[in-house]
Amino acid sequence: MIVRIMGEGQWKLADSRFAELNALDDELLDEMEGGDEPGFRRTLGALLDAVRRLGTPLPDDALEPSELILPAPDATLDEVRQMLSDDGLIPG
């Protein structure tokens, strides 16, 4: 799967990593619903770090279609809220 972090670029991740990312996404959704700004910041950072750690960065000139688009590290709670579906940032 190809994951884009807004403002940073794209990473290729094995589909087997989806469950780990989805667990962090569920935690992020709970923190957002509860208005837990510190928790939101921590979990968003952990989610983006997991993509960077588990994935292989694509070259800057690569334009692959992204299956997931994640917010920039400095995105606000309200900006991320606008990106959410009922399942969070990561469907499923």
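Author: A residue is called buried under 20% relative accessible area, exposed over 50%, and partly exposed in between. Please keep in mind that the model is predicted.

Reader: Is Arg41 buried, partly exposed or exposed?

Author: The relative accessibility of Arg41 is 32%.

Reader: How many salt bridges does the structure hold, and which residues are linked in a network?

Author: A salt bridge requires a side-chain nitrogen of Lys or Arg within 4 Å of a carboxyl oxygen of Asp or Glu. The structure holds 7 salt bridges. The residues linked in a network of such bridges are Glu8, Asp49 and Arg52.

Reader: Which helices are linked by the salt bridge between Arg53 and Glu20?

Author: The side chains of Arg53 and Glu20 meet at 3.4 Å, N to O. These two residues are 33 residues apart and lie in distant parts of the chain. Arg53 is exposed at 56%, whereas Glu20 is partly exposed at 32%. The helices linked are H2, which holds Arg53, and H1 (residues 18–33), which holds Glu20.

Reader: In the salt bridge between Arg42 and Glu31, is Glu31 buried or exposed?

Author: The two side chains meet at 3.3 Å, N to O, and the pair links Arg42 in helix H2 to Glu31 in helix H1, 11 residues apart. Arg42 has a relative accessibility of 51% and therefore counts as exposed. Glu31 has a relative accessible area of 8%, so this residue is buried.

Reader: In what order do the strands of the sheet stand?

Author: The sheet is open, has 4 strands and shows mixed pairing. Strands E3 (56–57) and E4 (68–70) each pair on one side only and are thus the edge strands. The order is E3-E2-E1-E4.

Reader: Which strand runs parallel to E1, and which runs antiparallel to E1?

Author: Strand E1 (residues 2–5) is joined to E4 by 3 bridges, and these two run parallel; one of the facing pairs is Val3 and Leu68. E1 is joined to E2 by 4 bridges in an antiparallel arrangement, with Ile2 opposite Lys12. The parallel partner is E4, and the antiparallel partner is E2.

Reader: Which residue in the turn between E1 and E2 has a positive phi?

Author: E1 and E2 form a hairpin with 3 residues between them. On the strands, Ile5 has Gly9 in E2 as a bridge partner. The residue in the turn, with a phi of about 85 degrees, is Gly7.

Reader: At about what angle to E1 does helix H2 run?

Author: Helix H2 covers residues 37–54 and lies across E1, E2 (9–12), E3 and E4. Its direction is compared with that of E1, and the angle is about 130 degrees.

Reader: Which residues make the nonpolar surface patch?

Author: One member, Ile69, is in strand E4 and is partly exposed, at 44%. The patch has an area of about 240 Å², and its residues are Met6, Ile69 and Met83.

Notes. Residues numbered from 1 in each chain as written. Predicted model: local features only at pLDDT ≥ 70, side-chain atom pairs only at ≥ 80, totals over all residues. Heavy atoms only, no water. Contact = heavy atoms within 4.5 Å. Axes fitted to C-alpha atoms, helices over the stretch in contact; angles between N-to-C directions. Patch = residues over 30% accessible without salt bridge, like charges linked within 9 Å, V, L, I, M, F, W, Y side chains within 5 Å. Areas by Shrake-Rupley, 256 points an atom, 1.4 Å probe, with all protein chains shown as cover. Buried < 20%, exposed > 50% of the residue type's maximum accessible area, 1.4 Å probe, protein only.
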